[in-house]
Amino acid sequence: MPDKPSGVEGFPMRSWKISLVLLNENDGSEMPATIFEKATYKLHPTFGDRNQLTRTALKVIKKPPFKISEEGWGEFDMRIIVSAIDKGGDHELSHDLNFQQERYEAEHKITFKNPKPNLLEKLKESGPVGAGGEENGVKPKRGDESAKKRKRSEKGVDMEKLAESLQRLGEEDLLQVVEMVHNNKTADTYTKNDVEQGEFHVDLYTLPDSLVRMLWDYCVEKLGT
């Protein structure tokens with residue numbers, strides 16, 4: 001933009017834009033990023049209206065291809081928060097905005113844990129997502145159960161009562177339980193997400209002690225038992 005001075009010597013004013021797309025895993029073609037409901041661009045403080053507390057300029061776009069167009073003279077590291085549909089969570093991308101090339105692309109991988117049906121169907125459009133769901137840990141053998149039960153009883157947690165209490169929780173509370181398990185599980189924790197049936201399976205005896213206690217306290221809080 002030679003006709004528009006930047007005010008900084010040696011740094012010409014430039015016009016730039018960014019769009020977000022999905023890549024088809026099968027053929028590499030571009031697809032609309034319909035798995036997201038919005039994209040939040042965290043720009044340099046010199047852009048747009050500034051938040052007086054964080055001095056961070058934000059641009060929120062709510063429609064694919066989530067295109068943002070701006071003018072500026074400097075390069076900077078940009079953060080982009082993409083919010084998935086169907087309560088699929090917020091995911092942060094880091095983008096190096098530079099003017100080394102007229103046009104360039106950057107690829108980012110995002111992992112979704114236990115996507116809900118609508119999001120799962122959208123993900124399938126861009127490539128395989130795995131048949132039957134997601135499985136974690138090693139499925140325990142029957143012979144291991146008695147030893148595990150003894151171990152848990154020694155710690156003052158009635159595992160059978162915990163299992164019964166979990167089954168009595170409402171849908172919203174169960175979603176919270178699933179999130180607690182995913183955030184605190186270990187490599188030994190056995191879980192299986194059957195997305196086709198809409199079921200989540202977990203072997204309570206493979207959970208770490210801290211998580212067992214957390215679930216127990218949560219059930220007590222919600223059910224009073």
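Okay, a definition to start: two strands pair if DSSP finds at least two bridges between them. Helices (H or I, at least four residues) and strands (E, at least two) are themselves DSSP runs, numbered from the N terminus.

Now, what we have here is a predicted model, where local features need pLDDT of at least 70, side-chain atom pairs count only at pLDDT 80 or more, and totals for chains, interfaces and linings use all residues. Residues are numbered from 1 along each chain as its sequence is written, and side-chain values use heavy atoms, with hydrogens and water left out.

So how confident is the predictor? pLDDT is its confidence in each residue, from 0 to 100. The protein averages 79, and 74% of the residues score at least 70. Over residues 50-54 the pLDDT is below 50, and beyond near neighbours in sequence that stretch has four contacts in the model; by contact I mean heavy atoms within 4.5 Å. Residues 150-154 also stay under 50, with 10 contacts beyond four places in sequence.

The overall picture, then. There are five helices and 11 strands. Of the 225 residues, 32% are buried. Buried means under 20% relative accessible area, exposed means over 50%, and partly exposed is in between (1.4 Å probe, protein chains only). Take the contacts between residues at least 6 apart in sequence: 62% of them join residues at least 24 apart.

In what order do its four strands come? The order is 5-4-7-8, in an open sheet with antiparallel pairing. Strand 5 (57-61) and strand 8 stand at the edges with a single partner strand each, so one side of each has no neighbour in the sheet. On average, neighbouring strands here are turned by 20° against each other, direction ignored. For that angle, axes are lines fitted to C-alpha atoms, for helices over the stretch in contact, and angles run from 0 to 180 degrees between N-to-C directions.

Strand 7 (residues 76-84) and strand 8 run antiparallel, joined by eight bridges. Met78 has His95 in strand 8 as its bridge partner, and Ile80 stands opposite Leu93. In strand 8 (residues 90-97), His91, Leu93, His95 and Leu97 make up the covered face, while Asp90, Glu92, Ser94 and Asp96 make up the uncovered one.

What about the turn of that hairpin? Five residues sit between strand 7 and strand 8, and Asp86 takes a positive phi near 55° there. Lys87 is in that loop as well, and its phi is also positive, near 55°, in a residue other than glycine. Lys87 is exposed, because its relative accessible area is 68%.

Over to the loop between strand 5 and strand 6 (68-72), where Pro65 is found. The peptide bond from Pro64 to Pro65 is cis, with omega near 5°. Phe66 is in this loop too, with a positive phi near 55°. Is Phe66 buried or exposed? Phe66 is buried, because its relative accessible area is 0%.

Phe66 also turns up among the contacts of Ala39, which touches Leu20, Lys59, Val60, Ile61, Phe66, Ile81 and Val82, not counting residues up to four places away in sequence. Ala39 lies in strand 4 (residues 36-43) and counts as buried because its relative accessibility is 0%.

Lys122 is in helix 1 (residues 117-124), and counts as partly exposed because its relative accessibility is 29%. Leaving aside neighbours within four places, Lys122 is in contact with Thr34, Ile35 and Ile85.

Helix 4 (residues 171-184) is where you'll find His182. The helix has 14 residues and reaches 20 Å from first C-alpha to last, close to the 20 Å expected; the expected span is 1.5 Å times one less than the number of residues. Val177, Met180, Val181 and His182 are buried in this helix. The side chain of His182 makes a polar contact with the side chain of Lys185, at 3.2 Å. A polar contact is a pair of N or O atoms within 3.5 Å; within protein, one must be able to donate a hydrogen and the other to accept it, and residues adjacent in sequence count only if both atoms are side-chain atoms.

Notes: pLDDT is the predictor's confidence in each residue, from 0 to 100.
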